[in-house]
Protein chains: 2
Amino acid sequence: MLNENHMAALKALVSDKGLVCDLSDMATYEKGARYDEGRAALVLRPQTTEEVSAVVAYCVKNDLPLVPQSGNTGLVSGSTPDATGTQIVLSLDRMTKRFDLDLDNRSLRLDAGFTLLEINRRLEPHGLFFPIDLGADPRLGGMIATNTGGSRFLKYGDVRKNTLGMTVVLADEAGTMLDLNSDLRKNNTGIDWKQIFIGTSGAFGIVTECVINLERLPRQTATAYLVPASGAHVMPLLRAMEERLGAYLSAFEGMSKDAVAAALSHVPSLRNPFQGGNIPDYVILAEISRTWEPREGEQSLDAVLETVLGEIWESDDAPLADAFVGPASEMWSLRHALSEGVKHLGKLIAFDLSFRRGDIMAFCDHMKAEMPHTFPEITICDFGHIGDGGVHFNLVVPKNSTTASDPDFEKRLRDFVFSIAVEKFDGSFSAEHAIGRKNQAYYDQYTHQHIRDLAKGLKSITSPGKLGTVRF
Amino acid sequence: MLNENHMAALKALVSDKGLVCDLSDMATYEKGARYDEGRAALVLRPQTTEEVSAVVAYCVKNDLPLVPQSGNTGLVSGSTPDATGTQIVLSLDRMTKRFDLDLDNRSLRLDAGFTLLEINRRLEPHGLFFPIDLGADPRLGGMIATNTGGSRFLKYGDVRKNTLGMTVVLADEAGTMLDLNSDLRKNNTGIDWKQIFIGTSGAFGIVTECVINLERLPRQTATAYLVPASGAHVMPLLRAMEERLGAYLSAFEGMSKDAVAAALSHVPSLRNPFQGGNIPDYVILAEISRTWEPREGEQSLDAVLETVLGEIWESDDAPLADAFVGPASEMWSLRHALSEGVKHLGKLIAFDLSFRRGDIMAFCDHMKAEMPHTFPEITICDFGHIGDGGVHFNLVVPKNSTTASDPDFEKRLRDFVFSIAVEKFDGSFSAEHAIGRKNQAYYDQYTHQHIRDLAKGLKSITSPGKLGTVRF
């Protein structure tokens with residue numbers, strides 16, 4: 001348990017203002033940016049890898065539990081302290097010094113505390129970006145700990161695919177600093193240790209520095225809303241688009257009618273773009289993009305998209321019922337407003353699932369048929385990244401619901417959804433938010449005993465100390 | 001040591017013809033496809049994961065050393081038995097049954113014994129391929145164990161980026177079958193264990209089944225030879241191409257004058273494509289490609305490439321001295337003949353290095369300046385994947401050399417090259433062939449003690465038995 005001596009010792013290990021114990025100042029670190037709240041014993045804000053190492057070594061030797069915190073924008077209680085007030089938060093928010101751009105290598109070595117927006121703001125003048133497209137603004141360390149994907153996964157992949165190297169501090173008695181900082185794209189000289197720290201919620205070490213891959217910024221985009229002829233036509237439509245557009249295709253996002261309706265009703269800045277205001281059962285937002293400026297003699301991307309949609313429209317058993325090309329900013333505004341819109345309907349319980357691409361619509365149809373029997377009050381407002389199999393399966397409970405006030409309600413609901421997603425459809429109970437405290441029970445339930453034993457073994461040889469919110 | 005009882009027991013664990021002990025039949029498995037030769041105690045050819053499991057369990061319990069072998073096309077003695085005649089080869093060559101294509105998911109679940117050519121032959125009618133482009137024809141299990149990259153890495157990435165899941169048999173007393181067979185593209189529910197088995201030469205388990213990502217086959221390509229204004233202009237040229245072509249750019253391969261000259265002299269089918277027959281000091285083979293059939297109103301890819309080269313030609317401090325668009329098959333024929341051509345010059349000692357992209361030319365220049373002082377007889381015939389930092393640094397010793405007959409010569413040479421590549425340029429001593437017996441000493445020398453200890457720990461919790469050619 002943290003005492004006065006520990007406080008003094010820890011204060012000496014971090015630079016000025018690196019220790020926060022004032023209750024009001026700690027509040028920022030106790031509350032997630034979107035969900036979740038806990039109580040911290042203390043907040044530490046180191047500025048260098050060496051400071052992180054010293055702090056971690058001290059905490060491990062004194063058996064003090066540490067929760068690494070980055071942008072704290074996740075869904076699954078992965079970076080907030082629990083309610084006990086005994087955990088020390090280690091925030092990366094002051095790790096924002098090193099920012100070394102290598103234009104020839106198209107890579108960036110930087111401290112893990114930078115936010116995604118700040119990284120891309122600094123890269124913009126060079127025509128480059130870190131190609132993980134998210135609604136939230138996380139810090140890099142947390143993006144690695146959750147292996148975020150986002151809306152352009154289809155084209156650029158996830159954080160794992162765009163991480164070249166890192167420095168990690170292990171939770172052992174030495175606070176070992178592991179230098180895995182390669183800038184190399186091809187390097188097979190042993191275990192690729194950095195992989196262990198990606199997507200594992202910070203339980204195996206604290207990422208303090210990273211080397212990331214950069215991509216060229218798109219200079220032209222075109223977007224369209226596509227209305228599939230039916231749910232069964234979503235996959236043929238995606239395949240037709242991939243076949244005809246290849247690496248031009250940068251997003252293929254699905255939006256259900258209820259999600260769209262919620263956004264249009266509750267977000268005043270939006271305009272209803274559908275003919276006669278009739279929202280289709282399901283809408284795809286497709287985006288194509290390319291990285292160069294328009295050239296003379298080259299078709300515009302709008303024209304390319306029109307041509308491709310025309311080809312698909314005229315194909316046998318055409319998967320399209322309707323389609324129209326429109327302005328990217330307006331089309332994405334609706335997509336990005338879905339979460340906000342849904343929240344106005346009642347209490348939102350959000351699931352971040354993924355499936356084989358061909359199973360997404362079948363899962364959603366199954367749930368729309370089954371849900372009313374077991375949870376009659378719930379509205380399903382799903383949307384998702386069809387191109388990579390990710391589904392934001394959002395359930396809304398009416399504000400005045402009495403059933404939902406049952407303290408066991410949310411657990412019953414999660415058990416129900418996950419049992420069908422994982423057991424019936426071989427899906428994932430966490431597509432891009434990792435485990436956190438919220439998914440611990442499902443990790444325990446759905447992970448094979450042998451894999452869990454291996455994870456325990458790996459934890460004991462890397463970071464035996466109390467680190468993070470997940471028990472591996 | 002293998003005895004008659006073991007032979008009988010092992011024979012009972014594999015299906016008909018699964019055990020090879022006839023000397024002449026074993027010979028195929030004792031010699032690498034391109035390099036290396038050893039002696040096997042026995043060759044086992046299981047057909048299913050269950051058979052692999054039974055064999056591995058038996059060998060671990062009886063302390064019999066196993067060397068997993070796939071296509072055996074590598075450079076580093078990763079899959080041939082050593083000279084002692086005590087190691088049992090476990091070949092994947094009969095693991096070629098399961099081949100389950102998921103068109104919606106753009107993925108393929110298959111046994112690990114399929115060869116790359118066979119996989120792509122079967123995928124071709126669907127307009128898909130496994131996008132790892134290699135000169136050799138390895139089997140999939142070995143491609144995973146080495147994490148091969150190849151000539152289109154720049155566009156598609158390596159095997160790691162294209163592997164979704166796998167089944168692995170661990171070298172423990174149970175021959176544990178680890179089911180890591182996800183078809184999911186987004187799944188962050190714990191450690192991504194499959195990463196441990198990628199690029200680690202089969203030491204941590206035997207991959208028996210995999211799920212791989214597929215890409216759309218290119219339907220149009222255009223290629224050009226680019227002559228950079230100088231070595232220092234290679235990176236500006238690459239950046240100019242990436243900026244103007246984005247995801248169209250599918251190869252950017254460098255070829256040194258001596259490598260090109262060797263190929264043109266010794267491979268009769270080739271034509272000298274350079275003006276007046278004068279081979280430039282360095283030539284880039286650039287390829288652009290797209291996945292769709294030509295459309296009306298769309299510029300041909302040759303025209304796109306001409307336009308882009310014209311833009312670069314007219315830019316300030318133009319990085320180009322010369323460039324010409326030409327037929328893809330002829331241009332790639334020269335590129336693919338480099339290895340063969342170089343072998344005609346003398347004894348080839350091949351290095352598979354990688355660097356930050358910006359350091360490739362500096363390394364080659366440094367070596368061309370330094371090499372004559374230390375190894376005066378050697379000719380450097382380098383070529384490489386400039387777009388991803390990979391360099392095939394090929395050294396040729398004259399056939400009648402007396403220096404090279406010194407048994408210590410090759411070791412001295414390797415020590416020299418690696419010391420400069422790794423210590424001076426932060427490069428990798430193995431870009432895409434992993435470790436094998438040949439690089440063991442350099443793994444030991446260049447891997448930090450803490451990392452080696454972690455690897456030992458991981459080995460003991462996953463596959464404590466004697467497996468593979470590398471000692472982690």
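Biologist: What makes the meeting of the side chains of Glu242(A) and Arg106(B) a salt bridge?

Modeller: In this predicted model, a nitrogen and an oxygen of the two side chains, Glu242(A) and Arg106(B), lie 2.8 Å apart. The cut-off is 4 Å between a side-chain nitrogen of Lys or Arg and a carboxyl oxygen of Asp or Glu; the pair is therefore called a salt bridge.

Biologist: How many salt bridges does the rule find across the interface of chain B and chain A?

Modeller: The rule finds 14 salt bridges there. Polar contacts between chain B and chain A number 36 residue pairs, both residues being at pLDDT 80 or more.

Biologist: How do you know what area is buried between chain B and chain A, and which residues supply it?

Modeller: The size of an interface is often given as the accessible area lost when the parts come together. For chain B and chain A this area is about 6700 Å², with 57% of it from carbon and sulfur atoms. On the side of chain B, Asp104(B), Lys186(B) and Asn188(B) supply 13% of the area buried against chain A, more than any other three residues. The contact itself takes 82 residues from chain A and 83 residues from chain B.

Biologist: Why are domain 1 and domain 4 of chain A said to be in contact, and how far apart are their C-alpha centres?

Modeller: The centres lie 33 Å apart, but contact is judged on heavy atoms within 4.5 Å. Five residues of domain 1 (4-91) and four residues of domain 4 (345-433) take part, so the two domains of chain A are in contact by that rule. Between them they bury about 350 Å², 69% of it on carbon and sulfur atoms. Tyr35(A), Leu75(A) and Val76(A) supply 89% of what domain 1 buries against domain 4, more than any other three residues. The residues on this side of domain 1 are three nonpolar, one polar and one charged.

Conventions
Residues numbered from 1 in each chain as written. Chains lettered and ligands numbered in written order. Predicted model: local features only at pLDDT ≥ 70, side-chain atom pairs only at ≥ 80, totals over all residues. Heavy atoms only, no water. Domains from an automatic or database assignment. Buried area = accessible area lost by both parts, 1.4 Å probe. Nonpolar A, V, L, I, M, F, W, Y, C, P; charged D, E, K, R; others polar. Polar contact = N/O pair within 3.5 Å; in protein donor to acceptor, adjacent residues only side chain to side chain.
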